[in-house]
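Please open the model in a viewer and keep the selection panel at hand. The stops below are meant to be selected in turn.

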Amino acid sequence: MDEAQATSSTTTRSYWRWSKKDFFPETSFQTISSYKTALSQTCPRLTDRLLARSSSTNELVTLQKASENPMQKCLTWWDLIWLSFGSVVGSGIFVITGQEAHEDAGPAIVLSYAISGLSALLSVFCYTEFAAEIPVAGGSFSYLRVELGDFIAYIAAGNILLEALVGAAGLGRSWSSYFASMIKSDSDFLRIKVDSLPKGFNLLDPLAVVVLLVANGIAMSGTKRTSWLNWISSLVSGAVIVFVIIFGFIHAKTSNLEPFFPYGVEGVFRAAAVVYWSYTGFDMVANMAEETKKPSRDIPIGLVGSMSGITVVYCFMALALTMMVKYSEIDVNAAYSVAFEQIGMTWAKYLVSICALKGMTTSLLVGSLGQARYTTQIARAHMIPPIFALVHPKTGTPVNATLLVTMISAIVAFFSSLDVLSSVLSFSTLFIFMLIAVALLMRRYYVKDVTPKNDLIKFLMSLFIIIGSSIGVSALWNSNERGWIGYSLAGMLWFFGTLGMAFLSKKRVPKVWGVPLVPWLPSLSIVMNLFLIGSLGFMAFLRFIICSAVMIVYYLLVGLHATYDVAHQNEEVSKIEEGK
């Protein structure tokens, strides 16, 4: 008995451990000599891992062992709908709508929301098929690893995680600014100015840090508890939105809708590229698949249902605003508050303020859940130290991963001003949505050792034409070329590229839930996401290139060797098990 207890005590390890082996257990990092040897083999290892694809079994079974304890399956479709609502419906709808209606689209802002909503819904379809079949915490990272390989998944995941962290810091600063402006007209009222620090980093924000710590602390305490808090607060937000729509239409004037296109069709698309950010956040909810009770049923209902409803709500809110107030008279800084003041309902502006503050809070809550789980799966793959993959035995949540994202976002929020953070545009969000559509096509049409070589070549040619024509449309639009010849040529190329793919036989049929009209819907998602990427401007491309370059350096020095060791170790284990 004593011997058995001794054995048990040695195998049961504490969750809180910080040894070198917990951070770098791979063979390449055991000694300086082994690391030098690994670096000398960088080229052959890179060749080995560049296009190496994971498998569904590896993501669902093998990698989850690195967490030592399972995440709790406690979410239903009802939870996912409200998590999506809480994550997506933040303060953006109240801020961006007035700005874009006044400056870019006019009353046609409702069409801008419809276009962006369609693009987001196409991405949701692609995410849903993957999440239903590969219900893991890593979301898009795992989907891309399975279909497009380690390297592409790493670059895409690294960029989107970086933007999520910066976005969380930005939300913390926004929460602080909004709260301060409710107390006093000065939004920097609660910040500490340090003249010795450079501009943009000299207004220290302790309240933003506190908000982030509280939100992430709740997320660490339990997924179901966080879901309940999000649901209760989202009910308040939903009630305010219903109030805005109903009273907006009661005081509406159809004459305010004329002219409907004051800035032309160009203005509608410019606004669509901006208001798209009001729809982002559902990808964080897809990361909750591992904690969903019945992923095959709950994820399609939760994601597709919530995004469809959110699109309708956004369109109604935009229409209500532009019918209440002439587009040229909309206040760009506080559109809804001022609109209600103009119709004699001054008290209603406080409801709008509460809803905006609540939106930022729930976005932080759901964002912290998603970011931590994304980080967990990256750590399970050993692209970052696997200690961040551990799941706490009591809470059933990835506490270490949550602490990591909390510390980084809190440090950024403490020092960086909003204008610095806002310069980091969500290029990667659209980029990864486009890659998910490509991965879905790859999943349907290519199965290793099954797809004939000729079919693979035809598929890749069709895919190349689809992506090339999509880039062409975006380039034409951003060069201010409005002639029909270029667009017709690019559109025909896209059509025939997609048609050519449609004539190929599919090699995999979805087992659970599938995107309809493949390859047309994923192909349409590719062209819409690339079109919106082209609208972001030069600085967004530059930031993406710089961040990707830094990540490639880390990958070549650390991530490549860790994943190489783990992959080959797993191969050896599989061979031994097959031998038995």
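The tour begins with conventions and then visits the core, a serine and an alanine.

This is a predicted model, in which local features need pLDDT of at least 70, side-chain atom pairs count only at pLDDT 80 or more, and totals for chains, interfaces and linings use all residues. Residues are numbered from 1 along each chain as its sequence is written, and side-chain values use heavy atoms, with hydrogens and water left out.

Select Tyr-113, Leu-144 and Ile-526: of the 137 residues in the largest nonpolar core, these touch the most other members. A nonpolar core is a set of buried Ala, Val, Leu, Ile, Met, Phe, Trp, Tyr and Cys residues joined through side-chain atoms within 4.5 Å; buried means under 20% relative accessible area, exposed over 50%, partly exposed in between (1.4 Å probe, protein chains only). Next, display helix H20 (residues 427-445), which gives the most to this core, with 15 residues. Helices (H or I, at least four residues) are DSSP runs, numbered from the N terminus.

Centre on Ile-526. Its contacts (heavy atoms within 4.5 Å) include Met-434, Leu-441, Leu-463 and Ser-470, not counting residues up to four places away in sequence. Another core, of 14 residues, lies apart from the largest one; Ala-168, Ala-208, Met-360 and Leu-364 are among its members.

Move to Ser-116 in helix H8 (residues 109-133). At 1% relative accessibility, Ser-116 is buried, and it touches Ala-272, Val-275, Tyr-276 and Tyr-279, leaving aside residues up to four places away in sequence.

Finally, select Ala-475 in helix H21 (residues 453-478). Ala-475 is partly exposed, with a relative accessible area of 47%. Its C-alpha atom is separated by 9.3 Å from that of Ser-535, 60 residues apart along the chain.

Technical notes
Helices (H or I, at least four residues) and strands (E, at least two) are DSSP runs, numbered from the N terminus.
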